[in-house]
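Dear colleague,

I am passing on the structure below, together with some notes on what I found when going through it. Please read them with the coordinates open beside you.

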Amino acid sequence: MSTLEIKDLHVSIETEQGEKEILKGVSLTIKTGETHAIMGPNGSGKSTLASTIAGHPRYTVTSGSITLDGADVLEMSVDERARAGLFLAMQYPVEVPGVSMTNFLRTAKTAIDGTAPKLRTWTKEVKTAMEALKIDAEFASRNVNEGFSGGEKKRVEILQLELFKPKFAILDETDSGLDVDALKTVSEGVNRAKEENQMGTLLITHYTRILRYIKPDFVHVFVDGKIAEQGGAELADRLEDEGYDRFLNVPA
Amino acid sequence: MTDTATHLSGEKARLGAPSISGFTEEGENLSPLNAAEVSSPLGGDASKAHSHGAGAGIPDSSRAGRKTSYNVEDFAALTGREEDFRFTPLKRLGGLHKNELTGAAPEVSFTGAKAVTLETVAMTDARVGSAGIPEDRVSANAWKYAAEAKVLTIPADSSGEEVTVTFTGTSTEAAASHLVVIAEKNSESVLVIDHVGSAVLAQNIEIDVREGAKLTVISLQAWADDAIHASAHLAKVGKDAHLKHIAVTYGGDLVRVTPSAHFEGEGGEVELFGLYFADAGQHLEHRLFVDHATPNCKSNVLYKGALQGKDAHTVWVGDVLIRKEAKGTNSYEANRNLVLTDGARSDSVPNLEIETGLIDGAGHASTTGRFNDEHLFYLMARGIDEKTARRLVVRGFLNEIVQQIRVPEIEERLAETIERELAATDS
């Protein structure tokens, strides 16, 4: 059993107008095996939370803490976080020139596990996972994300999630830009990873649609850099009916 | 009516060349270092450089109109404004374009031969000039001053020859050298031409690939940091002959390699590959020319380069000319650059001229990409440390060319070189 704990997190970014605070005190505890949905209107800080956990250099933590089983995540470099068991499925995966998917997957797996995977079982594992996610076998020889459609990139993110077996996965709007079939395929991948590895999941989404396929244990509503309300899966249903208006209309 | 229209008339179509008044065929981009040698500032005469047919030294809009001659006097003195020298900083050329090249030429050593021979002959030998004719002033100057020529002959019907000719520079006095490579009929061989040490060298390498012969030439420009090297590779490709030419450049202060391939019979095939890695302050230039003058020939060009450090500059210009007679031609050229740090500059200009519609295919591509923080973040977010991430990208990028070499020792040496270059980035 592992715990990812976020305590009173304040995060800023540099803008042309100076420093701007995006997260204004977020506290959240996720245990392995749990699925937390983070919902909220655009610009509420959901993706900032995701990128901050992964360690993107654009975001500066001004106060608060993130710990993984007590270890200080904020002290770790980006790659150390990944090796500690955190995985960010990115909203906009970049294309990396010159690096084939095959080479990339093997190098990352080796880095995360500390030893190179056995070639034969690894190749089979990759192939099986690709088939399950309906990713064309030809993708393995292409460069990382190069020429992939938006939907294909998202599938490849989930492919990595299944192969790297993190303790905690943060899915940053993985559902955006997916059609219903792709959404189902991708959700199945996430559910498999959870069942097989007892993965804890932080599911960031604008829409309730994906929650039909990935059942959250907890729902947190983000408004203006803070958690405005939290509850169980039923909160998502209510959001589906009412939208975010009642949060946005509350006078500050 | 501007003169732009004149060269678009008739059946000549030119792709990839913007016709903007005041611009040269490939954009207004003279090397800033040449400014002093240009008689008037940019925007003066330079902006009129587009006019055709007037004045010596200004080439026609087509590559077919470029002057060729064995006599350096036939080429006007360089100003840096010429189409083929506009990127080259002439001041750093060590006088190769204007001085007497009487310094000691690099020593030539020769290894690995079974039946291949290397002779030293006079420049008056009939074989000198049998495969090529200088296409620029530096090449003609090298021709004039070469004291002797080396002639390497790969005997007819021989196969499996793998030989290395090493040029070892020991002097930085401007020098000239001449090599003639003859791959006789139906021979099959690999030739490595290695350049090491220090030199200020203008060089001609004639490559005669005769009927049915298959020749791989790997030319390594692995000079010491201060070397200056201008090298013309002049290839003639016979009927059903196959030339695979790989230029690998990473050493030297200024290196300019100009491979040109001319088809002499049907069924010929040319592959021109290149790999370059430029560090701070280096000027590495590759200009190639594929001349399709006979029907049913194939050419494929791929150059890849990495750049890092302040004022690292690479230039790639690929001229492919498909003449009216060259029906059934199949041609493709591409250049890809990866810029690793700020302050480096890469110029890439593919020129494709097609004078007949009866071809199988013709295409060109050029990309210059940056390795940036987002790439790094993506790889690191998957557990890969920064050094490994950088290596992964560069090695992967250059590997497409490295694996074309198929000479294990050279591939190994290049892998080590790339590692060393990358180690310089880390520090």
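In chain A of this predicted model, four strands make up an open, antiparallel sheet whose order is β2-β1-β4-β5. Its edges are β2 (18-31) and β5 (71-72) of chain A, each of which pairs on one side only.

Helix α1 (residues 46-54) of chain A lies across β1, β2 and β4 (59-68) of chain A, and its direction is at about 70 degrees to that of β4(A). How many of the residues of α1(A) are buried? Nine of the nine are, so the helix is largely enclosed by the rest of the structure. The buried residues include A:K46, A:S47 and A:T48 as well as A:L49, A:I53 and A:A54. After the helix comes A:G55, which has a positive phi, near 95 degrees.

Chain A also has an open sheet of six strands, in the order β6-β7-β8-β3-β9-β10, with mixed pairing. The strands at its edges are β6 (86-89) and β10 (226-231) of chain A, each pairing on one side only, and neighbouring strands of this sheet are turned against each other by 20 degrees on average, direction ignored.

Turning to chain B, its secondary structure comes to four helices and 17 strands, and buried residues make up 51% of its 427 residues. Of the contacts in chain B with a separation of 6 or more, 85% are between residues 24 or more positions apart. The UniProt record, an unreviewed entry, places the feature "domain: SUF system FeS cluster assembly SufBD core" at residues 171-397 of chain B. Over that stretch the chain is 9% helix and 62% strand, and the C-alpha atoms at its ends are 35 Å apart.

Two helices of chain B deserve a description of their own. The axes of α2(B) and α3(B) come within 9 Å and cross at roughly 115 degrees, and the crossing is right-handed. On the α2(B) side the residues that meet α3(B) are B:H375, B:L376, B:L379 and B:M380, and their counterparts in α3(B) are B:E386, B:A389, B:L392 and B:V393. By class, this contact has six nonpolar residues, one polar and one charged.

Finally, which parts of chain B touch chain A? In all, 19 residues of chain B are in contact with 21 residues of chain A. On the chain B side, α2 (373-380) and α3 (386-405) each supply at least two of the residues involved, and the largest share, seven residues, comes from α2(B). By class, the side of chain B that touches chain A has 10 nonpolar, five polar and four charged residues.

With best regards

How values were computed:
Residues numbered from 1 in each chain as written. Chains lettered and ligands numbered in written order. Predicted model: local features only at pLDDT ≥ 70, side-chain atom pairs only at ≥ 80, totals over all residues. Contact = placed C-beta atoms within 7 Å. Nonpolar A, V, L, I, M, F, W, Y, C, P; charged D, E, K, R; others polar. Axes fitted to C-alpha atoms, helices over the stretch in contact; angles between N-to-C directions. Left-handed = near helix turned anticlockwise from the far one by under 90°. UniProt positions renumbered as here; feature names shortened; annotations may be inferred. Buried ≥ 20, exposed ≤ 12 C-beta atoms within 10 Å, placed from the backbone. Pairing = 2+ DSSP bridges.
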